[in-house]
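This report describes selected features of the structure shown below. Please read it alongside the sequence and the model.

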Amino acid sequence: MYVYYKKDAGRYFGKAEFIRYVKKKTLKTIQKYNMLRFDDKIAVAVSGGKDSVALLYIIDEIEREFPTEIVIVHVDEGIANYSDKSEPIIAKHAKILGYKVCQAKFKDLFGFTIDDVAKYYSEGKMNLEPCSICGEWRRWALNKLARDSGATVLATAHTLDDFAQTVLMNVIRNSLDRLLRLAITRERVVEGFVPRVYPFIELYEKETALYTHLLELDHNDIPCPYAQLSMRWDIRLFLYQQEEKHPGTLYNILRFYQDLLRTVPEQSIELKKCEICNYPTTDNICRAHKLVRMLKSLS
Ligand code: SF4
C-alpha cells in the first residue's frame with residue numbers, strides 16, 4: 001500500500017520506503033553541503049512542532065555513529081495555548097533520547113511575550129505583525145542558547161517550503177542584503193554567530209510532516225494563532241498553488257538562489273557588536289534590541 005506520491009518525481013512510496021527516503025535525503029543533504037563535522041557539538045532547535053521533532057530523531061540516528069554531542073535548544077515565545085503545549089513534548093523526547101534541553105522564554109530575554117506584541121498590533125499601536133518580531137527574537141535567542149551551551153553548529157528544521165518562502169519574502173521586501181545572507185553552507189564563519197545548518201532544505205514540509213506522522217512521534221500540532229497575519233502565510237499559499245500547478249517550483253527557487261549566489265562575490269559586511277548584548281550587528285544596536293526599545297516606548 002502506498003502512503004505518498006512524490007509528484008515532482010512521479011514516484012509512489014510505501015511506508016517503510018518513504019521513511020528510508022526521508023532519512024537518506026537528510027543524510028545526503030548534510031553531506032552535500034558539508035553541514036556537520038564528526039566532532040561537532042550540535043544544538044538542535046526544537047520547537048515541538050512536527051518538523052523539528054522529525055529532525056531531532058533523524059539527527060539522533062545519524063549521529064549515534066559519531067562522537068558528536070547533541071543538545072536541544074528551545075525558545076518559549078509566550079503564546080498562550082500554543083507555546084506552553086510544547087514544553088512537555090520536548091521534555092519527553094529529551095528523556096527518551098537522553099539529551100539535555102537548554103531553553104529560554106522571550107519574556108525573560110526581552111521583557112515581552114508575543115501575546116504582548118500581538119496586543120499592541122491589534123490595538124493599532126504598531127504595524128509590525130507578531131511574526132516579524134517573533135522571527136527576529138527567535139534567531140537571536142537560538143544563537144544565544146547555542147553559544148551558551150558550547151555548540152559548534154545550530155541545526156534547524158527549515159524545509160524547502162520555508163526556504164522558498166524566505167527567498168520570495170526578501171525579493172518582495174527588496175531586501176537584497178538579507179537575501180544574500182541566507183547561507184546554505186557553514187563555510188563562512190562570522191564571530192558571534194553559531195553557524196546554522198538546514199538538513200531538511202531539500203525536503204518538502206509535507207514530507208517531514210508525513211515522516212513524523214508515520215513514526216507516530218508526539219508533537220505540538222496546534223497552529224500558532226498569529227501565523228495568518230504574516231506575509232509568509234500569503235506567500236506560503238501562493239507557493240502551494242504554484243507547486244500544485246507546476247511541480248518542482250520550490251526546488252527551482254532553491255536552485256535559482258544557489259545560481260544567484262555563485263554570480264555574486266562574497267560580501268564582506270562590516271559587523272560591530274551590539275551595545276546592549278554584544279550580538280554581531282551592522283548598527284550600534286542589534287535588531288532584536290531595537291524592537292525591544294520600540295515596544296518599551298509603546299507601553
Ligand atoms: Fe512566531 Fe509567527 Fe511562528 Fe507564531 S507563526 S510562532 S508568531 S513566527
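## Surface patch

Y2, Y5 and Y12 together make a nonpolar surface patch of about 370 Å². Areas come from the Shrake-Rupley method with a 1.4 Å probe, and for residues only the protein chains shown count as cover.

Y12 belongs to strand 2 (residues 11–14), strands being DSSP runs of E of at least two residues and helices runs of H or I of at least four, numbered from the N terminus. With a relative accessible area of 47%, Y12 is partly exposed, that is, between buried (under 20%) and exposed (over 50%).

## Basis of the model

The model is predicted: local features need pLDDT of at least 70, side-chain atom pairs count only at pLDDT 80 or more, and totals for chains, interfaces and linings use all residues. Residues are numbered from 1 along each chain as its sequence is written, and side-chain values use heavy atoms, leaving out hydrogens and water.

## Cysteines

The count of disulfides (pairs of cysteine sulfur atoms within 2.5 Å) is 0. The sulfur of C277 lies 3.6 Å from the closest cysteine sulfur, that of C274, which is too far for a bond. C277 is partly exposed at 23% relative accessibility.

## A buried loop residue

M35 lies in the loop between helix 1 (15–32) and strand 3 (41–45) and is buried, at 0% relative accessibility. M35 and V153 are 118 residues apart in sequence, with their C-alpha atoms 8.5 Å apart in space.

Methods. Patch = residues over 30% accessible without salt bridge, like charges linked within 9 Å, V, L, I, M, F, W, Y side chains within 5 Å. Salt bridge = Lys/Arg side-chain N within 4 Å of Asp/Glu carboxyl O. Buried < 20%, exposed > 50% of the residue type's maximum accessible area, 1.4 Å probe, protein only.
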